[in-house]
Amino acid sequence: MIHIKQIPERPSQEDIAALAPFSPATIHEAQGRRGALSSRIKPVDYRMKLCGPAFTVKSAPRDNIMLQLAINYANPGDIIVVSGGEYEEAGSFGDVLANACLAKGIGGLVTDTGVRDTLQLRDLGFPVFSLSVCIKGTVKETLTSVNDPIIVGDELIYPGDIIVGDADGLVVVRRAEAQEVAKLSQAREDAEAGFIAAYKAGKSVIEVSNLEPVLKSKGFKSDI
């Protein structure tokens, strides 16, 4: 018998808001190049963004009954994250379920399987990140688990971790590390703003990135 569990420990709204301004790329770099989900998982529309707590779901391949249960029990703002066995040849989610998610205020979907109805999904604006786009239907047969740790996009994701996504991809941040990662992300953005200002002031890439010692150690020479 399956027991539906809620996220055991949720991040605070302050933690989510602290990470929301930053891109997944910035967060990934700031937290020591950790947490990036596979680049194969992408949004169905480049304008889609998400940031919220992971509501994790284990699903059998080509089966979306657990996804439907997750939609039923998830809270507003939750990001439903589905581990479906990296099965690309199934469209486990489309415009009908997207409308169900919007009606509940769910924050987005991340799945390592396929979705369909992408034109409608783009019009709806509900953030959907998937491994593939596939028109093939699914069954509703196998009960598995909700809000246990799962692996999606080669990353271990715990329920309550914070998932951040944009046009470039997805990153996961551990709930307990959210505030520190947000500070490190801001420091990285401040540093990059300084680099851009230096370029505009006429400095070279070698100067700004302090490449001279590295190039010298490798015996680099230029006749230009």
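The model is predicted. The protein contains 8 helices and 10 strands, and its C-alpha trace spans about 70 × 35 × 30 Å along the principal axes. Let's start with the whole chain and then move to the individual elements.

**Overall picture**

- Of the 224 residues of the protein, 44% count as buried.
- Among contacts with a separation of 6 or more, 76% come from residues 24 or more positions apart.

**Strand 9 and its surroundings**

- Strand 9 covers residues 162-166, and 5 of its 5 residues are buried, so strand 9 is largely enclosed by the rest of the structure.
- In a regular strand, side chains alternate between the two faces of the sheet.
- On one side of strand 9 sit Ile-162, Val-164 and Asp-166, and on the other Ile-163 and Gly-165; all of these are buried, which leaves both faces covered.
- Strand 9 has a pairing with strand 2 (residues 50-58), which is antiparallel and holds 4 bridges.
- To place that pairing in your viewer, look for Cys-51, whose bridge partner in strand 9 is Val-164.

**The hairpin of strands 9 and 10**

- Strand 9 is also joined to strand 10, by 5 bridges, and the two run antiparallel.
- Together strand 9 and strand 10 form a hairpin, with 2 residues between them.
- Two bridges are handy landmarks here: Asp-166 has Gly-169 as its partner in strand 10, while Ile-162 is partnered by Val-173.
- Strand 10 (residues 169-173) is mostly covered as well, with 5 of its 5 residues buried.
- Gly-169, Val-171 and Val-173 point one way from strand 10, Leu-170 and Val-172 point the other way, and all are buried.

- One of the residues to look for is Ile-79, which has Gly-108 as its bridge partner in strand 4.

**Helices 3 and 4**

- Two packed helices are described by the angle between their axes and the distance between the axes.
- For helix 3 (residues 65-73) and helix 4 (residues 95-104), the angle is about 20° and the axes are 9 Å apart.
- That angle is under the 35 degrees cut-off, so helix 3 counts as roughly parallel to helix 4.
- The crossing of helix 3 past helix 4 is left-handed.
- From helix 3, the contact involves Leu-67, Gln-68, Ile-71, Asn-72 and Tyr-73, which meet Leu-97, Ala-100, Cys-101 and Lys-104 of helix 4.
- Sorted by class, the residues in this contact of helix 3 with helix 4 are 6 nonpolar, 2 polar and 1 charged.

How values were computed: Residues are numbered from 1 along each chain as its sequence is written. This is a predicted model: local features need pLDDT of at least 70, side-chain atom pairs count only at pLDDT 80 or more; totals for chains, interfaces and linings use all residues. Side-chain values use heavy atoms; hydrogens and water are left out. Axes are lines fitted to C-alpha atoms, for helices over the stretch in contact, and angles run from 0 to 180 degrees between N-to-C directions. Angles under 35 degrees count as roughly parallel, over 145 as roughly antiparallel, 65 to 115 as roughly perpendicular and the rest as oblique. A crossing is left-handed if the near helix is turned anticlockwise from the far one by less than a right angle, and right-handed if clockwise. Contact means heavy atoms within 4.5 Å. Ala, Val, Leu, Ile, Met, Phe, Trp, Tyr, Cys and Pro count as nonpolar, Asp, Glu, Lys and Arg as charged, and the others, Gly among them, as polar. Buried means under 20% relative accessible area, exposed over 50%, partly exposed in between (1.4 Å probe, protein chains only). Two strands pair if DSSP finds at least two bridges between them.
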